[in-house]
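Have the sequence and the 3D view open as you read.

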Amino acid sequence: MTHTKGPWRVNGRRIESGPIVAGDGGAVATLHRDLSDGNIEANARLIALAPELAAQLKAFVALAKEVRAGGYRFPVLIQDVMDDLDALLAQLEGREEATP
């Protein structure tokens, strides 16, 4: 399973339901306004950065695995964070069901 190729961007147009986050293939998401939450632009920026965040996560996890395969032992706290990031990457790639 793959996502629409990035980069994505927040469309400058104002649609009555909120900003559109678009990629090469057209609209990727439409954010609807909620009067109780004034964070629609921040949410749009977060969604728009998803492809780049995913690419950096994948690169970091691959590098960490390579370093670990070379015999380096990370401190436990860092290893725990790396395991969490690897699990997130697995969910992102559809290799693992998201946990509640």
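## The chain at a glance

Of the 100 residues in the protein chain, 24% are buried (under 20% relative accessible area with a 1.4 Å probe, protein chains only; exposed is over 50%, partly exposed in between). This is a predicted model, where local features need pLDDT of at least 70, side-chain atom pairs count only at pLDDT 80 or more, and totals for chains, interfaces and linings use all residues. Residues are numbered from 1 along each chain as its sequence is written, and side-chain values use heavy atoms, with hydrogens and water left out.

Reading from the N terminus, the elements go β-β-β-α-α-α, which gives three strands and three helices. Both kinds are DSSP runs numbered from the N terminus: H or I over at least four residues for helices, E over at least two for strands. Among contacts (heavy atoms within 4.5 Å) with a separation of 6 or more, 30% link residues 24 or more positions apart.

## Where α1 meets α2

Helix α1 covers residues 40-48 and helix α2 residues 50-69; their axes come within 5 Å and cross at roughly 45°. Those axes are lines fitted to C-alpha atoms over the stretch in contact, with angles from 0 to 180 degrees between N-to-C directions. The pair is therefore oblique, a label for whatever is left after roughly parallel (under 35 degrees), roughly antiparallel (over 145) and roughly perpendicular (65 to 115).

On the α1 side, the contact uses Leu46, Ile47 and Ala48, while α2 brings Ala50, Pro51, Glu52 and Leu53.

## One-sided burial

In α1, the buried residues are Ile40, Ala44 and Ala48. They line one face of the helix, because they fall within an arc of 75° seen down its axis; the arc is that of the directions from the helix axis to the C-beta atoms.

For α2, the buried set is Pro51, Ala54, Leu57, Val61 and Ala64. Their arc is only 160° around the axis, so they sit on the same side of α2. An α-helix has 3.6 residues a turn, so residues three or four places apart point the same way. What covers the buried residues of α2 includes α1 and α3 (76-92). On the face turned away from that buried side, you'll find the exposed residues Gln56 and Glu66.

How far apart are the end C-alpha atoms of α2? They are 28 Å apart, which agrees with the 28 Å its 20 residues should span at 1.5 Å a residue (1.5 Å times one less than the number of residues). After α2 comes Gly71, with a positive phi near 105°.
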